[in-house]
Amino acid sequence: MIVQIARLLKILNSESEPGQISLAFCFSMVAGLTPALSAHNLLVLLAVLLLRVNLSAFLLGWLFFSASAYLLDPIFHRIGLAVLSAAALEGLWTYLYNIPMVRFTRFNNTVVMGSLVFAVAGFVPLYYLSNTLIFRYRDRLLGWVRNTRWMAVVKATRVYSAYERLAGWGGGA
Amino acid sequence: MKRWFRWWGIAAFAVLVVLVAVGWLLLADRIVKNALQSAGTRVVGAQVDIRKADLSLFPAGLTLIGLQVTNPQQPMQNAVEAERIAMSLDAPALLQRKILIEELTLEGVRLNTPRKRSGAVKTASSRRDDAAGKKAAPSASESDLPGELLSGAFIVPDVGEILKNEKLQTLVLAESLRSEIEAEKRRWEQRLDELPDKEKLASYRSRIDRLKNARKGGLGSLLGAPAELVAVQNDLKRDIDRIEASLGEFEKQSKSFENQLNQLTKAPEADLQRLTSKYSLSPGGLSNIGGLFLKHRLRVWIERAIAWYQRLQPLVSRPAAAANGPRAVVPLRGTGVNIRFAETTPQPDLLIRRVRAGIDLKQMKLTGDVETITSDPPLVGRPLRFDFVGKDAAAAGSIRLNGLLDSTDPQRKLGKAHLQMQNVAIGPKSLSDRPEMTARLQSAVVDLDLRTALDEERIHLKLEAGLDAVRLSAESSRGDSGLARALSEALAGVRRINASASVDGTLLQQQIQLTTDLDRVLKDAVTDLARRQATELTQSLRKGIRAETNAPIKETGLQLDRFGRVGDELSGRLALGDNLLKGLL
């Protein structure tokens, strides 16, 4: 059982380059901020599984952004309303509205549209911001964290030992 | 490529999608069932239960088994129960979140069936009202009841209780008159002190005697006497005038008090009249008893029908109108707002082209169609129509119900319905369940013609009904008055009832005009008894009022006697003054 958990941890943490972790955060923002059952989240899931992004970071980010979405819903509604009511885009929305599969995505819902626009707009900035923060963390804080008592406790667990062993086999992480 | 992609991710994605799809397929029936139950409960305002839902994808369709819709007014009863509901769905339309049903079949529909557990639900507003201790406004089923209106008729009024609750005008008048006499008495006593008293009048006598003695004196005294005599005479006259004026004023006041005392002695009779008319039932008051029973029942039916219309109306009304351009519509569930755009081939969100229903009534089966149930009638351009017919087993009785609801013009909503019943046997129906008197229509054979019309918020209803082979029962559980017994016997003897009614008004308030020959039957039965009861009550009340008012009236009379002593005093002083004046002249 412990080996199984360790294997899962290894898979989740296999892509640990700063770019891979940052990309995971960006995808988690899209999936977390937009309503969970939105159709576009299938594409996000496909991208997360297909691209070499860090899955642990994705899951962690998804939890964080999902919780934040409840607070941000009023802002998403305003953004979505503005975008969907924009006279210049009315023709586009009307065209899409008349395509059954597109309407099924609920793109005409103010919260779906607003959160998607917000997440897409924040995708690239978040990527670069995360990258910078991860580099700085690894340069300045990682050594100190490894020496904390909490980390010593984690390292003493059997799951961590198994994880270290497996990580050694794969050569990653 | 390998640097960017992990190809096993596609397989993982496929597995996840398949798992979700299988999970959805396994749970779809339950999801649909729960969604319909909660949406139905929200619309009806009481529990909607579905035993089983079966969703099929190829071809798209839905079958519901064991639908129960609770009656919100009676949570232990289902307003409607259906054994099976089957419908075929337009799958491409579902992708556009539209429900288009060509035909929906309702089987085994029954009305007013009992429930095993209460179907009441707590809404946010009712919870708020509960917290605030508010009581819901009474509906026709709770208020405006004949039993309440007639409660006085069935219970012999207790005189002691009446006199305890009622303020007798006699006592009020007596108290007021006594206070007035007392105040006036005090004022007059003060005034007596200011008027020339017997001592002062006696002083005149001394002055007169002195003058008389002076005449017998010398010449000087004789010369001054006439002037002095005139002065005494003037002073005395002035005092006598004051006393006389006061006496006149007093007598006027005293006369007024006597009149009031006279009125006071008649006041008990006025009290008796007032209380008798209030607490006894006049024969005229019984002239609309029958109307009250039937009117109450009619009002309950109208209220229920309007309540159901208002509950279901949002489902078949057009969303916020917007001729062109996008429009915002608040969705039933979820957050955000769905923006609607113009459709190349506009379709309503909900359209059921035809409902075929079979309704099991106790005596017969009613079958028929409802056409064009839609959330957007102006778009569909056809009104909702319904037509049901039923015949009983012996084919002697028949029912036909048809009508339409036309909302195709967004500016004006029109509707009409026509119900015809011929030789239809009806079972037990409660007319009044108040403790003062329960009345029940045990059975009857009904001929009925009912037409209703709706124009926006205004409704009009016309009813003509004839009930044959009537069996009515009634009993009073509170007080076995002869009146209640007579009413019960009269109701038991009724074999035919004719009634006609018209209702006009708005959905919020209606005026009901009802005439029925039941009134005459009941009036004849109870008129003598009502008179006798009124006589008995009058006699008892007279005795009781006398006992309460005799002493205060007597006391007021004595007080007026005491007040009269002021007059005696004034008269005495006046007589004394007059005697003195006569002696001078």
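**Chatting through chains A and B**

Trainee: Is B:Gly119 buried or exposed?

Mentor: B:Gly119 is buried, because 23 other C-beta atoms lie within 10 Å. The cut-off for buried is 20 or more. Keep in mind that this is a predicted model.

Trainee: Good to know. Where is B:Gly119 found in chain B?

Mentor: Look at the loop that runs between strand E4 (99-114) and helix H3 (124-132) of chain B.

Trainee: Zooming out, how many helices and strands does chain B have?

Mentor: Chain B has 13 helices and 16 strands. It has 585 residues, and 22% of them count as buried. For contacts in chain B with a separation of 6 or more, 68% involve residues 24 or more positions apart.

Trainee: OK, over to chain A. What pattern does chain A follow along the sequence?

Mentor: Chain A reads α-α-α-α-α-α-α-α-α-α, with 10 helices and 0 strands. Of its 173 residues, 31% are buried. Taking contacts in chain A between residues at least 6 apart in sequence, 85% link residues at least 24 apart.

Trainee: Let's look at the packing then. At what angle do H2(A) and H4(A) pack?

Mentor: About 35 degrees, and the axes of H2(A) and H4(A) are 7 Å apart. Their crossing is right-handed. Among the residues that meet there are A:Phe25, A:Phe27 and A:Met29 from H2(A), and A:Phe58, A:Trp62 and A:Phe65 from H4(A). By class, the contact of H2(A) with H4(A) has 15 nonpolar, 4 polar and no charged residues.

Trainee: How about helix H2 with helix H7 of chain A, at roughly what angle do they cross?

Mentor: Helix H2 (residues 18-33) and helix H7 (residues 110-140) of chain A cross at roughly 155 degrees, and their axes come within 8 Å. H2(A) and H7(A) are therefore roughly antiparallel to each other. This crossing is right-handed as well.

Trainee: Which residues make the contact of H2(A) and H7(A)?

Mentor: On H2(A) they include A:Ile21, A:Phe25, A:Cys26 and A:Leu33, and on H7(A) they include A:Phe118, A:Phe123, A:Leu126 and A:Phe135. This contact splits into 15 nonpolar, 6 polar and no charged residues.

Trainee: Now the interface. How many residues of chain A are in contact with chain B?

Mentor: 26 residues of chain A touch 21 residues of chain B. Helices H3 (40-50), H4 (55-85), H5 (90-97), H6 (100-104) and H7 of chain A each give two or more residues to that side. H4(A) supplies the largest share, 6 residues. The chain A side counts 14 nonpolar, 8 polar and 4 charged residues.

Trainee: Last one: where in chain A is confidence lowest, and where is it highest?

Mentor: Among the helices, H1 (residues 2-12) of chain A has the lowest mean, 60, while H5(A) has the highest, 94. Chain A averages a pLDDT of 84, and 87% of the residues score at least 70. Over residues 169-173 of chain A, pLDDT stays under 50, and the model has 8 contacts beyond four places in sequence for them. Where pLDDT is low, predicted coordinates should not be read in detail.

Methods. Residues are numbered from 1 along each chain as its sequence is written. Chains are lettered from A and ligands numbered from 1 in the order in which they are written. This is a predicted model: local features need pLDDT of at least 70, side-chain atom pairs count only at pLDDT 80 or more; totals for chains, interfaces and linings use all residues. Axes are lines fitted to C-alpha atoms, for helices over the stretch in contact, and angles run from 0 to 180 degrees between N-to-C directions. Helices (H or I, at least four residues) and strands (E, at least two) are DSSP runs, numbered from the N terminus. Angles under 35 degrees count as roughly parallel, over 145 as roughly antiparallel, 65 to 115 as roughly perpendicular and the rest as oblique. A crossing is left-handed if the near helix is turned anticlockwise from the far one by less than a right angle, and right-handed if clockwise. Two residues are in contact if their C-beta atoms, placed from the backbone, lie within 7 Å. Ala, Val, Leu, Ile, Met, Phe, Trp, Tyr, Cys and Pro count as nonpolar, Asp, Glu, Lys and Arg as charged, and the others, Gly among them, as polar. A residue is buried if 20 or more other C-beta atoms lie within 10 Å of its own, exposed if 12 or fewer, and partly exposed in between; C-beta atoms are placed from the backbone. pLDDT is the predictor's confidence in each residue, from 0 to 100.
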